Amino acid sequence: MKTVIIGTGSFAPPRVVTNDDLAEVMDTSDEWIRTRTGIEQRHISDGPGTTWMAAEAAKLALKDAGVEPEDIDIIIAATTTADNCFPSAACEVQGILGAGNAVGYDVSAACSGFIFALHTMDGLMKTGAYETGLVIGVDNLSKVVDWSDRSTCVLFGDGAGAAVVRVLEEEEDRDGGGILAADMGSDGRKAEVLRCQSRTMGNFLTGTKPEPGYITMEGQEVFKFAVKKVPECIQRVLEKGGLDAGDIKYFVLHQANYRICESIAKRLKVSMDKIPMNIEHYGNTSGATIPILLDELNREGKLEPGDKIILAGFGAGLTWGAVLLQW
Ligand code: COA
């Protein structure tokens, strides 16, 4: 049994905010942001948020897969910025799509979220409980960044990506295609390095006041963690699949920083030709970067049956993970 991606979709809100736009409202510059991160612009939602973006990406993925909403058995949305504490983004998307036969829930693993959700989906599909699933990575970080903290707010953007998956029995195996291996990790001891505290309305018993929740980050710590952990987990997933880096067509990496991706490429001893990038257009959309990039590769016809690719992410938790799959 293998879980195969049969369709992808992505969506970003139409409002584009360039580095120069930000330089008009805070002490930053296009030059600083571009040279430190590779980001040139990001999409920011000035209207509806997470559920809307997720549903738009999901509709496109269903269309690409040729699957009707009522044929979906399960929806897992990876997000840390659902519009509500409850219901989950996945349940709201289920309602919008009219996917009445699907169970839906969210997975919280920040920028590693899509990888964790895909791994979870793969495991569930292989139990035989579900046949067709929808995995979504979506975040609306513009509503939780501290817009007075230039060292974090310039990095992030809003967006969503989705993949429709189907489990195939041995006999319908698509030339060995599907998810081949995965490797994930967490280190809660480093939770402080990247955190978005929950908003609270305070508590009359303790006399605490309402507090906003926003992102705080030790940028250099995150950088060091990413360039160490991501190559390590990619190596492990390659070993699990009996492959080496030369066998991989693309490493679809979390788009947090161009320089992080360059360092990962160097450690893996692969050229940047194998590391597709789109951070310049979107910034860091957290759980959405990997499925957006995957969707762009799919739509540009860059993925051929038989191609082996690795999806790899990292983020708050700290968390990291990689999935090896054959297209
Ligand atoms: N515009 C202009 N100057 C800025 C700035 C901005 N947006 N943000 C910070 N600076 C300034 C700092 O105040 C500091 O000034 P000082 O030297 O006068 O004190 C200077 O730039 C250097 O800051 P520093 O934090 O050392 O920069 P850096 O080279 O480490 O780059 C990051 C900062 C955030 C770009 C980098 O650490 C990074 O990308 N880390 C990974 C973060 C990440 O990807 N997080 C998400 C993971 S999922």
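Quick definition before we start: buried means under 20% relative accessible area, exposed means over 50%, and partly exposed is in between, using a 1.4 Å probe and protein chains only. R189, at 76% relative accessibility, therefore counts as exposed.

Some housekeeping. This is a predicted model, so local features need pLDDT of at least 70 and side-chain atom pairs count only at pLDDT 80 or more, while totals for chains, interfaces and linings use all residues. Residues are numbered from 1 along each chain as its sequence is written, and side-chain values use heavy atoms, with hydrogens and water left out.

Okay, back to R189. What does R189 form a salt bridge with? That's D187, with the closest N and O atoms 3.0 Å apart. By salt bridge I mean a side-chain nitrogen of Lys or Arg within 4 Å of a carboxyl oxygen of Asp or Glu. And D187 is buried, at a relative accessible area of 12%.

Searching the whole structure turns up 17 salt bridges. Take D46 and R15, whose side chains meet at 3.3 Å, N to O. D46 sits in the loop between β3 (41-43) and α3 (50-65), and R15 in the loop between β1 (2-11) and β2 (16-18), so this pair ties together parts that are 31 residues apart in sequence. Helices here are DSSP runs of H or I, at least four residues, and strands are runs of E, at least two, numbered from the N terminus. D46 is exposed at 61%, and R15 is partly exposed at 48%.

Then there's K59 with E56, a salt bridge at 3.1 Å, N to O. Both of these lie in helix α3, three residues apart, or about one turn of the helix. K59 is partly exposed at 39%, and so is E56 at 24%. There's also a network of salt bridges linking D30, R34 and E40.

Now the inside. A nonpolar core is a set of buried Ala, Val, Leu, Ile, Met, Phe, Trp, Tyr and Cys residues joined through side-chain atoms within 4.5 Å. The largest one has 47 residues, and among the members touching the most others are I234, F251 and I310. Which element gives the largest share of this core? It's α7, with nine residues. I234 has contacts, meaning heavy atoms within 4.5 Å, with F251, L253, I264, L268, I310, A312 and A322, leaving out residues up to four places away in sequence. Finally, a second, separate core has 31 residues, including A78, I115, A182 and V252.
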